[in-house]
Amino acid sequence: MPLTKLVPDAFGVVTICLVALLIVLGFLCIAYSFYFQSHVRKQGYIQLGYFSGPWIIRITFILFAIWWSVGEIFRLSLLRRHRRILSGLDLRWQENVCKWYIVSNLGFAEPCLFLTLMFLLRAPLKMESGALSGKWNRNTAGYIILYCLPMLALQLAVVLSESRLNGGSGSFVKLPHDFTRTYSRVIIDQDQVALCTYPLLSTIFLGVFAAVLTAYLFWLGRQILKLVINKRLQKRVYTLIFSVSSFLPLRIVMLCLSVLTKAEKIIFEAISFLAFLSLFCFSVVSICLLVYFPVSDSMALRGLRDMEEEDDRTVTEERSGALLLAPQNEDSLSLRGRRDSRSSSQERYVELSLFLEAEN
């Protein structure tokens, strides 16, 4: 069934709305991270520096997710029909946009997203060697770019050598067109446009890359679970492992299936949307588990430290004799009640407190 006006537009509108949602979530988490970082520095919460250490890499992870999501908008057929934004471009420019999309998303944004996730998970394992320092943030950013270069080079080679790989002049090898095709020329509304497609060779490269990192994630997960002392944190680790091991393979499978249908078919739009939705869910889950929840727990621990400081001042007054002569009245009972409630609060953040004890 050829493209109609309603279904592709619906996929496009939903995609743009989800991208906007991801961008809003990302910037809110970035602002939250900056807010927590400023409190750590200005109010002297030195011990909480452990939790604020990877804040630059957390923000980098969000920026890569935003980069990827914005790139997904440029591949939409919605922008190429009914005389919309990209339909005004020359056909050659539309083809170049599709090539840029493959290099930008499959060659840079997605590999960097996966690599940043792995480094964030690996950071707690390197705590004793100063992995959460400012130097670690700089080194990690450099490693992410360095490890991404091979994938970027492969995707760039697929895009630039498309004609040669397909048996053109000076070709090295003959492959089916689906292996290297980045766009498909179709007639929509009596205009010829270029719709973006996914080269099978690019998908294979990305799939191998994701498979290696997924295997490494399972090893990291086992190491992290040995350090986890709270069921809530265990659930987070299991959720993250499930997210990576399910959403990433689903995206690779959808991208591979997209070569079995033509770009002007509705089934291609549905498969492309499912591929986008899988990585969107992965990004949202990862941002919540690796950025929002750690900062939120740290902010709660900051409040707990404030209460402990108040307790210390109270104990000092008691030892100085200010309260030693006070009778066992309602005030003293209420003081005990507050201490009991604070003890329950300490149990809620036991895993964070132990991290702090390791610092001392």
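Tutor: Happy to! Let's start with a term: a crossing is right-handed if the near helix is turned clockwise from the far one by less than a right angle, and left-handed if anticlockwise. Keep in mind that the model is predicted.

Student: With that in hand, in which hand does α5 pass α7?

Tutor: Helix α5 covers residues 134-160, and its axis comes within 9 Å of that of α7. The residues in contact include Tyr147 and Met151 of α5 and Phe205 and Phe209 of α7. As for the hand of the crossing, it is right-handed.

Student: And how are α5 and α7 oriented, roughly parallel or roughly antiparallel?

Tutor: Their axes cross at roughly 165 degrees. Angles over 145 degrees count as roughly antiparallel. Therefore α5 and α7 are roughly antiparallel.

Student: What about α7 and α8: in which hand do they cross?

Tutor: Helix α7 spans residues 200-227 and helix α8 residues 231-257, with axes that come within 10 Å and cross at roughly 170 degrees. This pair is therefore roughly antiparallel. The crossing of α7 past α8 is left-handed.

Student: How many charged residues are in the contact of α7 with α8?

Tutor: On α7 the contact residues include Leu206, Gly207 and Phe218, and on α8 they include Tyr238, Ile241 and Leu248. By class, the contact divides into 14 nonpolar and six polar residues, and the number of charged ones is: no charged.

Student: And how many nonpolar residues are in the contact of α5 with α7?

Tutor: Leu154 and Val158 of α5 are among the contact residues, as are Leu201 and Leu206 of α7. Two residues of this contact are polar and no charged ones occur, while the nonpolar ones number eight.

Definitions and conventions: Residues numbered from 1 in each chain as written. Predicted model: local features only at pLDDT ≥ 70, side-chain atom pairs only at ≥ 80, totals over all residues. Heavy atoms only, no water. Axes fitted to C-alpha atoms, helices over the stretch in contact; angles between N-to-C directions. Helix = DSSP H or I, 4+ residues; strand = E, 2+ residues; numbered from the N terminus. Parallel < 35°, antiparallel > 145°, perpendicular 65-115°, else oblique. Contact = heavy atoms within 4.5 Å. Nonpolar A, V, L, I, M, F, W, Y, C, P; charged D, E, K, R; others polar.
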